[in-house]
Amino acid sequence: MSLLLGVDIGTSSAKGVLTTPDGEVVATAVREHTVSRPRPGWAEHDARTVWWAGFAAVTRELIARADAPIAGVGVSGIGPCALPATAAGEPLRPAILYGVDTRAVAEIEDLTAHYGAETIVERGGSPLTTQAVGPKLAWLRRHEPRVWERTRRLFMASSYLVHELTGEYVLDHHSASQSSPLYDSREHAWIADWAAEIAPGLDLPPLAWPGEVAGTVTEAAAERTGLAAGTPVIAGTIDAWAEAVSVGVTEPGDVMVMYGTTMFLIEVLAERRTWPGLWGTVGVTPGTYDLAAGMATSGAVTDWLRQLTGAAYEELTEEARAAGHGAGGLLMLPYFAGERTPLFDPDARGLVLGLTLDHGRGHLYRAALEGTAFGVRHNLEAMRAAGGEAARLVAVGGGTKGGLWTRIVSDVLGRAQELPSVTIGACYGDALLAARATGLSDGAGWNPPAGTIEPDPAAGRIYDALYELYRGLYPATRDAAHALAALSRAPA
């Protein structure tokens, strides 16, 4: 029997898994790392010491526990990122990370004005935000001209691993479709004229689908990682999309709801759809497209409350459960770090309405869970407005533990959510894509549902009324929130 290896480079750790061809988990490994934040609004990873060293360490640990040869390697990572490199693939500076790095705000405004917001969405599928790669490259060209003079190649976490493992320079179509405004999601090709204007001299990588074999492990990579030379390596993709594969969110109408530090949603589509308040991308497999949404906070707010109160999650969860539907008359806007979709407003701010002296920490915690659930509903409504169906919801992530948060979301949505059997993340999807690429498995039966959360109609009626109030809060307080945001940035 052969095994499959999947490794994902996350924001704070590298995670790996060994599986059998039918999806049984043989071993897992984790190596933690940190994000470098050299200036306010910057977020970076060193490709050699974080991405490649993390991959090598996790792989060696897993190989030491393997009882069979590894037949294929799958990779994924955070993204979209911008790692400039020489023609030989040598990194020239740390990688600029995805939307958490906000340095390119001026370039976003410049490029949007130059090409036109509607034209950018029409060609690429997504508006320009801090998530987009094009403005990050424009920032490099403007602010680090010496680095840009030597830049010939562009890598993301997964494509850099592929290069180190195989020597191949390739990027998957999905990651490319998040490189706005450089990729045409209708033509599945780079937009050559825009790329020449935004990133002159850059040799954009050839494109492949995430599950296609990009190359095989070289002798040098074999020596570093312990993998056998000649082992097939897939092109890989961005981690959230690999996680969607891991839980079977692959058919049109499937939606992954990821409960984490931020809430993230991916819906698979049969046809290309765009919406100004969402990200539109090509899918992981040929012939599919995606709509994606992401809140700026969710678990980050609950963790803030945990730290503020000094209480354990278990205590807060039980107190929130006892607070009941509506949190005793509290309503929270969870925009504690601005908001991404569908508002794209970095100056949105958090709000708690209805506070009295009778409220305690359990009410606040319940209001936070309900506020993020209302945010999920807002995003799903935007997806439906864009043409999505949301026929099946699958819940993943650390926030699914304990049961209360997922119960609240199902009640707010009036929709059932499936819970998968295996929830170890993107690395499991990487292994599945490698199994398919090597012909060892078609993935059928890999990760069946472990259970379903059904909505409570009585609770839903309460939440319907609260949701209407929730939707009115942002427009009613937007001007004040923006003024406060401006004051917070003013010199002391």
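Student: How do I read the share of contacts between residues 24 or more positions apart in this protein?

Tutor: A contact here means heavy atoms within 4.5 Å. Among the contacts in this protein with a separation of 6 or more, 72% join residues 24 or more positions apart. Keep in mind that this is a predicted model, where local features need pLDDT of at least 70, side-chain atom pairs count only at pLDDT 80 or more, and totals for chains, interfaces and linings use all residues. Numbering runs from 1 along each chain as its sequence is written, and side-chain values use heavy atoms, with hydrogens and water left out.

Student: How much of the protein is buried?

Tutor: Buried means under 20% relative accessible area, exposed means over 50%, and partly exposed is in between (1.4 Å probe, protein chains only). Buried residues are 58% of the 492 here.

Student: Which residues have the most contacts inside the largest nonpolar core?

Tutor: A nonpolar core is a set of buried Ala, Val, Leu, Ile, Met, Phe, Trp, Tyr and Cys residues joined through side-chain atoms within 4.5 Å. The largest one has 125 residues, and Leu5, Trp51, Phe55, Val73, Leu137, Leu165 and Leu380 have the most contacts inside it. Helix H13 (residues 361-385) gives this core its largest share, 10 residues. There's also a second, separate core of 29 residues, with Ile234, Val247, Met258 and Val396 among them.

Student: Where does Thr59 lie, and is Thr59 buried or exposed?

Tutor: Thr59 lies in helix H1 (residues 47-63) and is buried, because its relative accessible area is 0%. Leaving out residues up to four places away in sequence, Thr59 touches Leu5, Val7, Thr225 and Leu227.

Student: And which residues does Ala240 contact?

Tutor: Beyond its neighbours within four places in sequence, Ala240 is in contact with Met256, Met258, Phe264 and Ile266. Ala240 is in helix H10 (residues 239-246) and counts as buried at 9% relative accessibility.

Terms used. Helices (H or I, at least four residues) and strands (E, at least two) are DSSP runs, numbered from the N terminus.
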